[in-house]
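User: Hi! I have a model open on my screen and would like to talk it through with you. Could you take my questions one at a time?

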Amino acid sequence: MPELPEVETTRLALSPQICGKILCKGVVVQRSLRWPVSAEFPDTLIGDRIADLDRRGKYLLFRFTRGTLIVHLGMSGYFRFVDCRTPLENHDHIELRFEGDLCLRYNDSRRFGAFLWTTNDPLLHPLLRDMGPEPLSTELTGGYLFGRSRSTRVSVKTFVMDQKVVAGVGNIYANEALFEAGLLPAKAVCALDVVQANRLADALKAVLSRAIASGRNSLERFFFHRPGEKPGYFPQTLNVYDRDGAPCRRCGHPVVKILQGGRASYFCPQCQS
DNA sequence: CCCGATTCCTGTAGGC
DNA sequence: TGCCTACAGGAATCGG
C-alpha cells in the first residue's frame with residue numbers, strides 16, 4: 001500500500017542519512033522478491049557513494065556514482081535504520097551498511113518489492129520509461145487528463161490508477177481523490193467534461209500533498225522505530241477508503257463499497273456522481 | 001490494440 | 001480456542 005506519499009516520506013527520511021555516504025557492506029538474505037534481486041548487488045556497489053536519492057512515481061532511485069539502484073516497496077515493503085547488532089527479524093531481506101555504522105534494513109513480508117541495478121539512465125528503464133507525469137508537477141493538469149481520457153472506455157478509477165496516465169496513485173488515494181472530485185469510481189472516464197477533468201486534477205494534487213504533509217510529521221518513526229510499526233506508513237484521516245457502511249464525513253450517507261476489476265472501490269452515492 | 005482477469009506472496013480477519 | 005478460507009493490493013503478463 002505504499003503509494004506516492006508513503007514513498008516520498010521514505011525518501012525524505014532516508015535522504016539526509018545516506019546521501020554522500022559510501023556503502024561499506026550489503027547483505028541479501030532473500031533474493032526472491034518480485035524479481036530476483038540484481039546479481040550485481042551488493043558486490044558491484046561496495047565502496048560506491050550515494051550521490052542522491054530520488055523518487056519517480058512509487059519507485060525510489062538510489063543514485064550511486066556508478067549506477068542506480070531502483071527500488072519498489074511493493075505492497076508491504078519498508079526501510080528502517082537499526083543498530084548493526086540488531087538480529088535480523090522475520091522478512092528482513094536486505095541490509096545496506098554505510099560508513100559511520102549506519103545500518104539500513106529492508107523488510108517485505110509479501111515480497112512484491114523490487115531491487116534492480118542499472119548503469120543506464122533509470123528513467124529509460126522499461127519499468128519507468130512509459131510512466132505518466134508526476135501528479136504534483138505542473139505537467140498534470142485537467143487539460144492533460146481530459147486529453148488522455150478521450151480514447152479509452154475504462155472507468156475513471158482504473159484510469160487514475162494507470163501508472164502510464166499518472167505516476168504514483170494507488171487504490172487508497174484513487175478512492176480519496178474521486179471522493180474529493182465528486183466523481184463515481186465506476187464512471188466512464190471518457191464521459192468527463194473539461195470541468196470535471198480539472199476537478200480531478202486538483203483533487204489528486206490536494207489529496208497527495210495533504211498525505212505527504214502528514215507523512216512529514218511521522219518522520220521520527222524512522223529513528224525511534226517500535227517493533228510492529230512500519231516506518232513510512234503513517235496514520236491519516238481518510239474519507240471513504242475502507243469505510244464501507246460508515247457515514248460519509250460530508251453528508252452522513254453510508255459509504256458504499258463495490259468491486260472493480262477485483263479491486264475495492266469506496267464512494268458516497270450522494271456526494272459523487 | 002484494448003482491457004479485464006490472473007498471478008505472485010503472506011498476514012490478518014472472519015466464519016464455523 | 002483453533003483451524004481454515006477468503007481477502008488485500010501493485011503491476012506485469014496473459015488471454016479473449
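Predicted model: local features only at pLDDT ≥ 70, side-chain atom pairs only at ≥ 80, totals over all residues.

User: How far is a phosphate oxygen of DNA strand B from an N or O atom in the side chain of Thr152?

Analyst: Residues are numbered from 1 along each chain as its sequence is written, chains are lettered from A and ligands numbered from 1 in the order in which they are written, and side-chain values use heavy atoms, leaving out hydrogens and water. A polar contact here is a pair of N or O atoms within 3.5 Å (within protein, one must be able to donate a hydrogen and the other to accept it, and residues adjacent in sequence count only if both atoms are side-chain atoms). For the Thr152 side chain and DNA strand B, the distance is 3.1 Å.

User: Which side chain has an N or O atom 2.5 Å from a phosphate oxygen of DNA strand B?

Analyst: The residues around this strand (a heavy atom within 4 Å of it) include Asn90, Ser109 and Arg110. Arg111 places a polar side-chain atom 2.7 Å from a phosphate oxygen of DNA strand B. The side chain at 2.5 Å belongs to His91.

User: What share of the atoms of DNA strand B within 4 Å of the protein belongs to sugar or phosphate?

Analyst: Those atoms are divided between sugar or phosphate and bases. The sugar or phosphate share is 68%.

User: Is His93 buried or exposed?

Analyst: His93 is found in strand β6, residues 92-98 (a strand is a DSSP run of E, at least two residues, numbered from the N terminus). Its relative accessible area is 5%. Buried means under 20%, exposed over 50% and partly exposed in between, with a 1.4 Å probe and protein chains only. Because of that 5%, His93 is buried.

User: How far apart are the C-alpha centres of domain 1 and domain 2?

Analyst: Chain A is divided into domain 1 (4-129) and domain 2 (142-267), with bounds from an automatic or database domain assignment. In contact terms (heavy atoms within 4.5 Å), 20 residues of domain 1 meet 23 residues of domain 2. Their C-alpha centres lie apart by 27 Å.

Note on methods. Helix = DSSP H or I, 4+ residues; strand = E, 2+ residues; numbered from the N terminus.
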